[in-house]
Amino acid sequence: MEGVVGGLRELKKERTRQVLSETAVELFLEKGFDAVSVAEIAAAAEVSKPTLFRYFPAKEDLVLHRFADHEDEPARVVAAAREAGVPPLDALRDHVLAGLERRDPVTGLNDAPAVLAFLRLLYGTPALVARMHAYQRRSEELLADALGDALGGGDALGGGDPLAARLAAAQVVAVLRVLAEDNARRISAGERVEDVLPGAVAATRLAFRRLAEGLAVPPAM
C-alpha cells in the first residue's frame, strides 16, 4: 500500500510540474519571458510563489522542463546499445535518424506552429539559452558515465579513462545540439520539413562519421 501511495504522490507532483510549466510557457509566449514575473505565473496556476519554487528553483526551469525527459536520453540510448551489443555511436546516430523520421521536436525538424513558437522563445531568450547549457552539461556527465560503462577497454570513447569519456560525450552532445539548431533555423526561415529532411539525414550521417573518425572508432558498415 505504501508503494501505491508513494507512486500516486509522485504522479501528482509530476502533474503539478506539468501545469506550472504549461502555464508559464503560455504566458511567456504571450508577453515575453522577461515581461512575466514568477508571482504572475504562480497566480495564474493558482499556487503560492513558495510552492512554485519548490517545483522549479529558477524561472528558466519552467521552460526547460520540456527538455527534462531528454536530459538523459543519449545515456539511455548508449545503455540500451550496450545490452544489444551495438556500438554506441551507431546507436546514437540511428536514434537521431529515427527522430528525424518521426519529426521529433527535439531534432528541430518540426514545423508545428506551437513547436516553432516555443523554439523562438527558447533560442531568442539569452537567459534560457544560458540555462540550457546547464542541462547539456548534465547530459554530458550522464553520457560520459554510460560510455565508460559501455566500453571496458581503453579506446578513445572512454574505457577506464574518465577524461576521455567526458571529452567524447561533450563532442556528441555538441553535435546533437548543432544538428538540431540547424534544422530549427531552416524551418524557422520558411523551408518545408520535407525539403529539409534529406539534408538533415545526410548531415547526421556525416556528423557521426566524423565523430567516429575523430574518436578513432570505426563505424559499422
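Predicted model: local features only at pLDDT ≥ 70, side-chain atom pairs only at ≥ 80, totals over all residues.

User: OK, how many residues are in the largest nonpolar core?
Analyst: It has 34 residues, and those with the most contacts inside it are Leu89, Leu92, Leu100, Leu109, Leu143, Phe208 and Leu211. A nonpolar core here is a set of buried Ala, Val, Leu, Ile, Met, Phe, Trp, Tyr and Cys residues joined through side-chain atoms within 4.5 Å. Buried means under 20% relative accessible area, exposed over 50%, and partly exposed in between, with a 1.4 Å probe and protein chains only.

User: Which helices each supply at least two residues of that core?
Analyst: α5 (73-84), α6 (88-101), α8 (126-150), α9 (162-188) and α10 (193-214). The largest share, nine residues, comes from α10. Helices are DSSP runs of H or I, at least four residues, numbered from the N terminus.

User: And what does the second core include?
Analyst: That separate core has 26 residues, among them Ala24, Ala42, Leu62 and Leu121.

User: Switching topic: how many residues does α9 have, and what does it reach?
Analyst: α9 has 27 residues and reaches 38 Å from first C-alpha to last, close to the 39 Å expected. The expected span is 1.5 Å times one less than the number of residues. After α9 comes Gly190, with a positive phi near 110°.

User: Now charges. How many salt bridges does the structure hold?
Analyst: There are 16, counting a side-chain nitrogen of Lys or Arg within 4 Å of a carboxyl oxygen of Asp or Glu.

User: What does Arg131 pair with?
Analyst: Arg131 bridges to Asp61, with the closest N and O atoms 2.8 Å apart. That links distant parts of the chain, since Arg131 is in α8 and Asp61 in α4 (residues 61-64), 70 residues apart.

User: Is Asp61 buried or exposed?
Analyst: Asp61 is buried at 5% relative accessible area, whereas Arg131 is partly exposed at 30%.

User: What about Glu140?
Analyst: Glu140 meets Arg166 in a salt bridge at 3.8 Å, N to O. Glu140 lies in α8 and Arg166 in α9, so the pair ties together parts 26 residues apart in sequence. Glu140 is buried at 17%, and Arg166 is partly exposed at 29%.

Definitions and conventions
Residues numbered from 1 in each chain as written. Heavy atoms only, no water.
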